[in-house]
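Thanks for coming, everyone. Let me put the structure up, and then we will go through it piece by piece.

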Amino acid sequence: MAEEMRIVLRNYGKIDPLKIEDYIAQGGYKALEKARSMDREALIEEVKKSKLRGRGGAGFNCGQKWSFAYQAQADQKYVVCNADEGEPGTYKDRLIMENDPHTLIEGMAICAYAIGATKGYIYCRGEYPHLVDVLNTAIKQAKEKGFLDGFDLQVRSGAGAYVCGEETALIESIEGHRGEPRFKPPYPPSEGLWGKPTIVNNVETFANIPVIVEKGADWYASIGVPSYPGTKVFTLTGDINNKTFFEVPTNTTIRELIYKYGGGIPGGKKFKAVQIGGTSGAFIPEELLDTPVAFDNMAAIGATLGSGAVFVLDETRNIVDVVTRIAKFFEHESCGKCAPCREGTARMHEIMSKLNSGKGSAKDIETLSRLGRVMSYSCLCGLGQAAPAPVLTTIQHFKADYNAKLV
Amino acid sequence: MVNLTIDGIKVSVPEGSTILQAAKEVGIKIPTLCYHPDQSVKANCRVCVCEVEGNRLLQAACSTPVTEGMVVKTRTPKVIEARRTILELILSNHPQDCLNCPRNGNCELQTLAEEYFIRDIPFEHKVRGLAKDTSTPAIVRDPDKCILCRRCIEACSVTQSVYALGLEDRGHEAMVVPTMGKSLMDSPCAMCGQCIHACPVGAITENEQLDELLAAIADPDKIVVTQIAPAVRLAIAEEVGMKPGEMPMDVFVAGLRQVGFDYVLHTNFTADLTIIEEGNELLKRLNEGGVLPMFTSCSPGWINFCETYYPDLLDHLSTCKSPQQMFGALVKTYWAEKMGIDPAKIYSVSIMPCTAKKYEATRPEMQDSGYRDVDLVLTTREIGRLFRMSGIDFTKLEGAPFDSWMGKYTGAGVIFGATGGVMEAALRTVYEVVTKEELKDVNFTAVRGMEGIKEAEVDLKGTVVKVAVAHGLSNARKLMDQVREGKSPYHFIEIMACPGGCIGGGGQPITKSNAQRQVRIDAIYAEDESCEIRKSHENSEVKILYDEFLHEPLGHKSHELLHTHYHPKNKKYL
Ligand SMILES: Cc1cc2nc3c(=O)[nH]c(=O)nc-3n(C[C@H](O)[C@H](O)[C@H](O)COP(=O)(O)O)c2cc1C
Ligand code: SF4
Ligand code: SF4
Ligand code: SF4
Ligand code: SF4
Ligand code: FES
C-alpha cells in the first residue's frame, strides 16, 4: 500500500513561512538558481519529461503548456498563479500558501524564466485576505534577496465568484472586467492576459516545480501512476473519521484514501458514495473504489480529480437531496454568459427540486439526462460542462434513489 | 490555405477562417443567434455547435478556427439534439408572443424555432416578468424577450461609443440594462436605434405609433400631410418584398395617398433648403472668423450625442435645424399660407429612416410655427407595416406626383440619405456660390462610401476648404476629440449618427450587415445620377420659397423658423 508522500507540502510544519531564511535552509531557491543556469528549452523539456500535469483540474501537461508560451512571439508574457480555490471543501492551495509561500514563488519564478515572462500575478481567493499579507511578505523577502530580479510579481485579490477560478474568467477579472470566461481557442499560452502569451497554473502545480528541477524529471516521473505521476493533495470531508488532508502518490486508490487515510466511516455506518473533485465531481459507488487517484484512471470511470476534494456520504444520506443542493449551487454560480448553462443550470435545479419533493416523473429523469448530456458538451466553459456530472453520475449509479421519489 | 472536410465535402479556406465561414463557402448553413457579421465573436448562444472529430466537446462554429485536416460534422444526431435542447431552453423563458411581436416574421429566434421543429418543450414555461422600458419617445426595450446575445451592447459601445447599455447580475438573472440609470432616458442613449438592428429578436424596437396615424386619418377635422425623408424610398422596397431602390418614387407617393395621406410632400425639398442655409452659414463663419470647424446638424442622434458627450463643442454645430424640422416649421406657415389651409388643422407626419427623429420632434423648442412643427414621426418599418396591412400590390399601382410647393427636389437632396451626402451636396452649392463658376463634375467621390472617416480638400478659387465626414458615433468621437484638443485641421465636418448614414438609420428595415447598407448606398447614388437637377440652389421651388417668403438665406424669417440652438445634457454621471 502506498504511503503518504510530501512533495508540495514538504516544508509543512518544518519552517516558519514568514522567514525566507527557513526556506533557504531547507534548500529553497536552489532550484531557481539551477533553472536559471539552464538553457530555457532544456528546462521546459525537463518539466515536460517529468510528465507533471496541471493540478487545477484539467490535467494538461505542464511542460507542454509552457512550451506553447515559450514559442509564442510577443513583447510581453505573463505568469499567473490560479489561487482562487473556490471549490467548497477544498483548501489544499491555502495549505501550501499558508505554510510555504516561497515554494509557490520559486515555482513561478522558474516558469517566468522558462517562457520569458517579466510579470506575474497571484490571483488569490477573495475569502483568503490573510494570505494576501503572507504572500506579499514573502514576495518582499524574495525581492530583497534578489531572487526576483527581472520578474515583477504581484498579488491580486479575487472577485469572489466561483467561475473566476476558470483561467480565462480569472484573466478577465485581473484585467478589471466582469469575471466571465472567454471562448477557447485561443488559449492563454498564445493569447491570455491583455492578449499576451500567459501561463496560468494552479498553486499545487507550481509547488511541484522546484522539486522537479532539483531532483530531476526521471525521479518525479517514477512516482505514482506513470500517466499522471507525482503526488496529489486531497482534503477529506463529509461522513469520514479523519476530516483532514493527505498528500499521496497517484497510485493510491480511492478506497485507501477513505479507509486507510480517512479512517473509514464514523458510527459504524455503511459507505454509500464518494464525490471527488469538488461540487462538479462525479459520484462514485462502492464497486469503483479500487480506482487509483490519477487523471486517466478517474476519467475511465467517468470521474475527475478536480480540486482534490473528497466528500464521503454514508448510507443515511439521500442522494437526490444532496444533488438538488448541488444543482442550486450551480444555478447560483453560472455566470450567465452562455445560453445552455445560464438556462440549463436553472432548469436542472428546477427539475431536481421537483424530483426531490416527490413530484417528479420518469419523464423528468429523461429530460434531466438529455439536458445534462447536452450541457456537458455544449456549454462555453468548464463550469457548465461539469455542472451536470453529479446529476448524470447519480442517475447512472444511484437510480434507485431517484425511483424511490417518483410520483 | 487550410484544407478541411465539412459533412464529407472538402473545402479550402484562408488561415484564420472559422468553421462557420468555411461551411458557408460550401453552402452549408449553420444556425446562429449571437453571431453578427460586423461584430466581434461572442460564442454565447451555442446554437452553432458542431462535431469536430477528435473532440468530445462540440465546438462553436462561429468561434472555432479551422485547422488542417479538420473533420467537421454539422448535422449529426448529437448536434441536432444539442441545438434543439438549447433552443428549448431559450424558448422556455421567452414570452413566445410572436403574434403580437414587432419582429413577427423577421426574428432570428422564431426562424430557428421553425427550422428546428420545436413543439413540446419539456421545461416549464416561465417568463421573467421584467418591465418594458418606454422612457424615451424613440426606443422601447422589452427585456423579457432578450436572449442575452449582447449584440446591442456591442452596437452601442463599439459602433456608437455611447455606452448606454450594459450587463447587470449573473446567471439566469443576468440582464441587459441601461447604464448609469434606471431607464434609457436617463442613460447616455442617443436614440440612434442601432441596437434595434443588432437585436436578433424583438427585445428592442422603435416606439410604434401607427395607431396615432390611423386615428388622425380617421379624424375628418385633420388634414394629414406627410414628408418623406431621402433614405426612405429605396428602403421601403425591402418592406414590401422588393429589392432596395426598386420602388419608383411616384408609386410610393401613390401608395401613401392610397393609405389615406391627404398631401404628400418631400423632405428632400428641405434637404435642398438646408444646403442653402448651411452653406451660407459655413461661408459666413469662414469669412467672419466664426467658430470652426462647423459640424452638420441634420442627424438628431448625433445632436443627442454631442449634447451629452461634447457639450463644450456645441458652438461648432450648425444652427440649422434638421430637414425634418425645417419642413415642420414651414408646412404650418409658408405651405399652409400658399395652400390656403388653416395650420391648426394640419397634422404633420414625417416618414423617417430614423428613431432619434421621434425624439427630436418632441423637443420643446420645435414649435416655431406656433404649433408642434411635426406631430408624428413614423419609421420606414412602420410605413412598411401600414403598406402590408393595406394590401397594396405595388407592381400594379400607377404612380402619382408630389403635391405642390414643397415636393420638388434635386439629386443633392437625395444623397442626404448616405454618409458623405450632405457634404457633397454642400460642396456642389458652395463651390458655385463662391466661385460663380459652373461645377463641371458634381461627383465628390472622396466623401462617399463605408470608410469610417473620409476627408477631402476643395479649392474654392484660392481658398482651400478642408472637410471630413464621419458616420457611426465612434468615428464621430475620433473627430470630436481632435477638435477638443484643438488639433482639427478641418473647416467643415459632416457627422451622421448611423453607420452608412440615414440609409442605415435606426428606423430602416432591419439591417443585418454593412453589406446591406452598401447596397442601399448604391441605390442612392443611382437615384442622384438619374436626377436632372443635382444642385440644391437650382431647386425651383426653393427659389420660390426664398423669393416669396424667406427673402434671403440666414435672414430674419430663416432664423425664426429654420435655425435652432442646443443644450448641454447635464447628465450627472458623465
Ligand atoms: C468553474 C471552474 C473553476 C475553476 N477553479 C479553479 C481553481 O479554483 N483553481 C485552479 O487552479 N483551477 C481552477 N479551474 C481550472 C482552470 O481553468 C485551469 O485549468 C487551471 O488553473 C490550469 O492550471 P493547471 O494546469 O496548473 O491545472 C477551474 C475551472 C473551472 C471551469
Ligand atoms: S458555462 Fe456557465 S459559467 Fe461558463 S460561460 Fe457559460 S454561463 Fe458562464
Ligand atoms: S422576439 Fe421573436 S420569438 Fe420572441 S415573441 Fe417576438 S417574434 Fe416571437
Ligand atoms: S439607441 Fe443607440 S445610443 Fe441608444 S441604446 Fe441603442 S445603440 Fe445605444
Ligand atoms: S436586447 Fe437583443 S441584442 Fe441585446 S442582448 Fe438582448 S437579444 Fe441580444
Ligand atoms: S452563433 Fe456561435 S455561439 Fe452563438
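In which strand is A:Ala83 found? The answer is strand S1 of chain A, residues 78-83. Strands here, like helices, are DSSP runs numbered from the N terminus, with at least two residues (E) for a strand and at least four (H or I) for a helix.

Some ground rules. This is a predicted model, where local features need pLDDT of at least 70, side-chain atom pairs count only at pLDDT 80 or more, and totals for chains, interfaces and linings use all residues. Residues are numbered from 1 along each chain as its sequence is written, chains are lettered from A and ligands numbered from 1 in the order in which they are written, and side-chain values use heavy atoms, with hydrogens and water left out.

Back to A:Ala83. It counts as buried because its relative accessibility is 0%. Buried means under 20% relative accessible area, exposed means over 50%, and partly exposed is in between, with a 1.4 Å probe and protein chains only. Now look at A:Gly158. It sits 75 residues from A:Ala83 along the chain, yet their C-alpha atoms are separated by 8.7 Å.

Next, ligand 1. It has 20 residues around it, where near means a heavy atom within 4 Å. A:Gly56, A:Asn82, A:Asn201, A:Asn202 and A:Thr205 come nearest. What is the make-up of that shell by class? Four residues are nonpolar, 10 polar and six charged. For the classes, Ala, Val, Leu, Ile, Met, Phe, Trp, Tyr, Cys and Pro count as nonpolar, Asp, Glu, Lys and Arg as charged, and the others, Gly among them, as polar.

Which elements supply the shell? Strand S4 (198-202) and helix H16 (382-386) of chain A each give at least two residues. S4(A) gives the most, with three.

Now the oxygens of ligand 1. A polar side-chain atom of A:Asn202 lies 2.7 Å from one oxygen atom of the ligand. For A:Thr205, a polar side-chain atom also lies 2.7 Å from a ligand 1 oxygen. A:Arg55 uses a backbone N or O atom, at 3.3 Å. Overall, the protein covers 88% of the 610 Å² of accessible area that ligand 1 has on its own; areas come from the Shrake-Rupley method with a 1.4 Å probe.

Ligand 2 has 13 residues around it. A:Cys335, A:Cys338, A:Cys341, A:Cys381 and A:Gly384 come nearest. The classes are nine nonpolar, three polar and one charged.

Over to chain B, and ligand 5. Its surroundings include B:Cys146, B:Cys149, B:Cys152 and B:Cys199. B:Arg150 is also there. The shell has 11 nonpolar residues, no polar ones and one charged.

Chain B is divided into domain 1 (2-91), domain 2 (128-206) and domain 3 (211-561), with bounds from an automatic or database domain assignment. The C-alpha centres of domains 1 and 3 of chain B lie 43 Å apart.

Now the strands of chain B. An open, mixed sheet of five runs S2-S1-S5-S3-S4, where pairing needs at least two DSSP bridges. S2 (9-13) and S4 (59-60) of chain B are the edges, each pairing on one side only. S1(B), residues 2-6, pairs antiparallel with S2(B) over five bridges. B:Val2 has B:Val13 as its bridge partner.

Last, strand S10 of chain B, residues 223-228. Why is S10(B) described as largely enclosed by the rest of the structure? Because five of its six residues are buried. Six bridges join S10(B) in parallel to S13(B), residues 346-352, with B:Thr226 opposite B:Val349. Four bridges join S10(B) to S11(B), residues 263-266, also parallel, and B:Val225 stands opposite B:Tyr263.

Methods. Polar contact = N/O pair within 3.5 Å; in protein donor to acceptor, adjacent residues only side chain to side chain.
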